[in-house]
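Load the model in your viewer and show it as a cartoon. The stops below follow the chain and then its surface.

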Amino acid sequence: MLENTARVLLILSQELLDQARVLAGKTTTVLKLPVSLQIVLRALLEVGLRRENHAALVASVESQAKAVHQRRRSGGRAGNGGTGPGRVPPVARPGG
């Protein structure tokens with residue numbers, strides 16, 4: 001399987017960044033999983049570009065947060081998979 005290694009540099013306004021942080025905090029509380037700012041921004045880009053609804057955004061955030069959580073849990077037991085300490089492997093995209 002090919003790994004996507006594309007990198008994106010975003011320049012965001014402070015207001016938008018603050019809103020994304022609030023969304024990360026709210027979804028962390030609702031999902032009871034750690035939701036990073038990176039997960040929220042990735043979901044906003046993916047869902048926003050497709051012009052989908054709020055439910056699709058929450059579903060995207062949830063699937064990415066669960067994938068990160070699962071990788072961290074399995075990585076700690078069976079070795080870190082070559083990612084190095086403190087590094088999180090890329091998250092698989094939903095549906096693809």
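A residue is called buried under 20% relative accessible area, exposed over 50%, and partly exposed in between (1.4 Å probe, protein chains only). Helices (H or I, at least four residues) and strands (E, at least two) are DSSP runs, numbered from the N terminus. This is a predicted model, in which local features need pLDDT of at least 70 and side-chain atom pairs count only at pLDDT 80 or more, while totals for chains, interfaces and linings use all residues. Residues are numbered from 1 along each chain as its sequence is written, and side-chain values use heavy atoms, with hydrogens and water left out.

**Whole chain.** Three helices and zero strands make up the count, giving the pattern α-α-α along the sequence. Of the 96 residues, 23% are buried. Contacts are heavy atoms within 4.5 Å; among those with a separation of 6 or more, 42% join residues 24 or more positions apart.

**Select residues 14-31.** This is helix H1, with 18 residues; at 1.5 Å a residue it should span 26 Å, and its end C-alpha atoms are 25 Å apart, which agrees. The expected span is 1.5 Å times one less than the number of residues. Now show side chains: which residues of H1 are buried? They are Leu17, Ala20, Leu23, Ala24, Thr27 and Leu31. Look down the axis of H1: these buried residues fall within an arc of 120°, so they line one face of the helix. The arc is taken from the directions from the helix axis to the C-beta atoms. An α-helix has 3.6 residues a turn, so residues three or four places apart point the same way. Turn to the face directed away from the buried side to find the exposed residues Glu15, Lys26 and Thr29.

**Move past the end of H1.** Lysine 32, just after the helix, has a positive phi of about 55°. Next select serine 36, in the loop between H1 and helix H2 (37-50). Serine 36 is partly exposed, because its relative accessibility is 32%.

**Finish on the surface.** Select Val8, Leu10, Leu12, Leu16 and Leu45, which form a nonpolar surface patch with about 420 Å² of accessible area together. Within this group, leucine 16 belongs to helix H1 and counts as partly exposed at 39% relative accessibility.

How values were computed:
Patch = residues over 30% accessible without salt bridge, like charges linked within 9 Å, V, L, I, M, F, W, Y side chains within 5 Å. Areas by Shrake-Rupley, 256 points an atom, 1.4 Å probe, with all protein chains shown as cover. Salt bridge = Lys/Arg side-chain N within 4 Å of Asp/Glu carboxyl O.
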